[in-house]
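Have the viewer open as you read.

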Amino acid sequence: MARALRLAERGAYTTRPNPMVGCVIAREGQVVGEGWHQRKGGPHAEVFALQAAGEQARGATAYVTLEPCAHTGSTGPCADALIAAGVTKVVAAMRDPFPQVDGAGFDKLRAAGVEVQSGLMEAQARQLNRGFLSRIERGRPWLRVKLGTSLDGRTAMANGESKWITGEASRRDVQRWRARSGAILTGANTVLADDPSLTVRLEDASEFVPPLRVVLDPGLATIARGRVREGDAPTLYLHAPDAKPPRELAAQRAAVDVREGRFDLLAVLALLARREINEVQVEAGATLAGAFLAAGLVDELLLYVAPTLLGDGARPLFSGLGIEAMAQRTRLQVVESRSVGEDQRLLLRPVAG
C-alpha cells in the first residue's frame, strides 16, 4: 500500500479534478503489476496495473489507494476490470465518498466473490487526496495560503516592495505547489500593485494542467490590465452582483455576494467547488489572507521564512484578525519543516478550537 500511495502521487499535477490513485498487484509475496491514474479521462490505476500483471493477476491481491469505481465515466468500472482479471482479493486504503461510487465498488466486488478489506493506511490516503475529499465531503476546496516572510513576520515594506524577501530556491519550490493546485487565488489590490502572472513555471519537463487563476475584484478594476490575463492558463474574475462586466467577459467572470464591502468567502469557495476545483492556493496580501483566516477557511499555511528582518514599519502576514488577548490567539500545528535554500519552509495547519 505504501508503494501504491507513492505511485498515486505521480499524478499530482495531472489528474484533477479526479483523485490521485495508485494500485499494486501482488501474488505470492511478489509484485506482478503496478500503475497509477495519470490524467483525467485516461485509464485508472487498476487498469494500468492489470495490464502490467497480465495473466498473473488471476488469484492475486490488488492493493489500491481508493475504492475501485463501479460506474462508467470517461472509462469503464474498475471493479468490473478486477473481477474479469480474476483478482481474488482487493485491499483498499479507503472508501470513495464520491456519490457515484461510495461503497458501490466494494459491493460489486463482494457480489462477485472477491474478498474486500478497507482501511489500510487510510490516514495517508486521505492526506494525499485532501483536496478531492474536501470538495466531495465539505462542498468546498482545500484552501492553502502561501506567504513569504521575514523572521519578524513581515511580507513587504510599507510601500509594498516585496521583491525578493525569499530566495530563488523558495520561488522554484512554490511552482510545485502551484502545479498541484486547481486554482491560484488573489485579490484586485495584489494585481494592481504587483502585476503577478500566477502561472506555473517548472524547470523540468513535468506535465501539468494549468491551474485556474481567480481574481477577487468587486468592481472589476483589473479586467483591462495585468499579466494575469496573459498566457495559456484560464482566468476567472469574481465580482460584486452590481458590477457591470463587459459583454466579452461573460465566460470569464461570475458574481458573488459582497457583504459590507467584503466578499462572502465561503460562497467563493462553494462556487469554485462547483467548478470541480479541489485545491485553492491563495497568493495575496495581508487583508485577503487575514480575511480567510478570520473566517476559519484556511486549511493549511505554506510559509517561506527568510533569514532577514524588515522592521516594525513593514507589512504583516495577516491583518484584520482582531486578536486582543492571548486567549484569542490562533494556534497552528507544524505539519512539516524543511530547509529550502537559505529559507525555512513551514507547512502549518490551524488547531481546531
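## The annotated glutamate

Glu 46 sits in helix α2, which covers residues 45-53; helices here are DSSP runs of H or I with at least four residues, strands are E runs of at least two, and both are numbered from the N terminus. Keep in mind that this is a predicted model: local features need pLDDT of at least 70, side-chain atom pairs count only at pLDDT 80 or more, and totals for chains, interfaces and linings use all residues. Residues are numbered from 1 along each chain as its sequence is written, and side-chain values use heavy atoms, with hydrogens and water left out.

The UniProt record, an unreviewed entry, lists Glu 46 under "active site". UniProt positions follow the numbering used here, feature names are shortened, and annotations may be inferred rather than shown by experiment.

Is Glu 46 buried or exposed? Glu 46 is buried, with a relative accessible area of 3% (buried is under 20%, exposed over 50%, partly exposed in between, using a 1.4 Å probe and protein chains only). Setting aside neighbours within four places in sequence, Glu 46 has Cys 23, Val 64, Leu 66, Pro 68, Cys 78 and Leu 82 as contacts, meaning heavy atoms within 4.5 Å.

Five strands make an open, mixed sheet, ordered β2-β1-β3-β4-β5; two strands count as paired if DSSP finds at least two bridges between them. The edges belong to β2 (30-36) and β5 (115-118): each has a single partner strand, so one side of each is left without a neighbour in the sheet. From one strand to the next, the twist averages 15°.

Helix α2 packs on this sheet, touching β1 (22-27), β2 and β3 (61-64), and its direction makes about 140° with that of β2. Axes are lines fitted to C-alpha atoms, for helices over the stretch in contact, and angles run from 0 to 180 degrees between N-to-C directions. Over at β4 (residues 89-92), four bridges tie that strand to β5 in parallel, and Val 91 has Gln 117 of β5 as its bridge partner.

## A covered strand: β15

Now look at β15 (residues 300-306), where seven of seven residues are buried. Glu 300, Leu 302, Tyr 304 and Ala 306 cover one side, with Leu 301, Leu 303 and Val 305 on the other, and all are buried.

What does β15 pair with? Strand β6 (residues 142-150) runs parallel to β15 over seven bridges, with Val 145 opposite Leu 301. Strand β18 (residues 343-350) is joined to β15 antiparallel by five bridges, and there Leu 303 stands opposite Leu 346.
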